[in-house]
Amino acid sequence: MSWKDRLLSTNALAKALLQQQIETWPALRDAVAGFNQVEYKSFSVKGSEVLTQFNPKRIVSAEAKVDAATIGQRPCFLCPDNLPKEEKGIAFGASFVILCNPFPVLRDHLVIASRQHTPQEINGSFGAFLDLTRELGEGWFTLYNGARCGASAPDHLHFQACSSKSVPLFDDVKYFSTQKTAEGLRLITSERYRLNFVAAQTDQREALIGWFAHAVNALGEVTAANEEPMFNLVATYWDEQWTIFVLPRAKHRPDCYFAEGEKQLLVSPGAIDLAGVMVVPHPDHYARITRRDLERIYAEVSLDDTRFQQWLAIISLSGEQSREANRV
Ligand SMILES: [Zn+2]
């Protein structure tokens, strides 16, 4: 047996970290015990399953102000000086640390934070995101919430990872048609789904990095973004290939978030919500949210059909064809 075979995988280390932290960090132990009490309701939204999750511990995140002024005044909860004394992590490469999320939404919820206090922007770190996804492997998925659409620390670069069990998106994707790009990637696009997305599938790391950079640039053009365009990412590495779901956004929080009285529904969608587990931290809101509300929320926060089709037209073409199309 070689040393390679004897080294603990990131997957095994992450499981050991979760166990160690539950044993030694009382707040995490309570959070995980609380998570085991969350309730679910199942809805069919445009033919796909959505689970609403009543998770009162998430109220802090749902109500969090994420404007620059508020963020600038609070101590960053992903910087080592401000973590609880019991919180420990695993090094992931030279630039990232794997930590346990003390407010879990799904089982085995991890936060993978940059060692530097640097803004939430994936440009330059997408390769690390792919490596993380591959190293965690089967049974997990990874995610990225853009600074303006779901990240609760928009000032500190971080990814997340969770158990992939019971996440509706991963079942739904089997039913969509695929096409191959000139670079050999398989592209999967949503059709009459509750939200617009595109997913790229391949075992070729460099080709995927190239395609993703192109997709983000094109999304920036289509949405006229001055900074990183709004999107969430969900990714898996199963059967030795990546599937990267790019979920483009029109806005972060839906209008019902800001409504008053009976009309208010406090939901603050990020990647997990878009993947089909909609967190509803308020008990009254959990009781009254309907299928139609969910349909409206997904349509409102994801990119509208017109701009989605424009974006798709650019990224479905190969680099060569795309340049041709631009010249015409
Ligand atoms: Zn920080």
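Modeller: Two strands pair if DSSP finds at least two bridges between them. Strands are DSSP runs of E with at least two residues, and helices are runs of H or I with at least four, both numbered from the N terminus. The model is predicted: local features need pLDDT of at least 70, side-chain atom pairs count only at pLDDT 80 or more, and totals for chains, interfaces and linings use all residues. Residues are numbered from 1 along each chain as its sequence is written.

Colleague: How many residues lie between β3 and β4 in their hairpin?

Modeller: Three residues separate β3 from β4, and G93 in this turn has a positive phi of about 65°. The two strands run antiparallel and are joined by three bridges. F92 stands opposite F96 in β4, while I90 has I98 as its bridge partner.

Colleague: Which residue of β5 stands opposite I98?

Modeller: That residue is I112. Five bridges pair β4 with β5 in the antiparallel sense.

Colleague: In what order do the strands form the sheet?

Modeller: The open, antiparallel sheet has 10 strands in the order β3-β4-β5-β7-β6-β11-β12-β10-β9-β8. β3 (90-92) and β8 (178-180) each have a single partner strand, so one side of each is left without a neighbour in the sheet.

Colleague: Is β4 mostly covered or uncovered?

Modeller: A residue is buried if 20 or more other C-beta atoms, placed from the backbone, lie within 10 Å of its own. In β4, four of the five residues are buried, and the strand is mostly covered.

Note on methods:
Buried ≥ 20, exposed ≤ 12 C-beta atoms within 10 Å, placed from the backbone.
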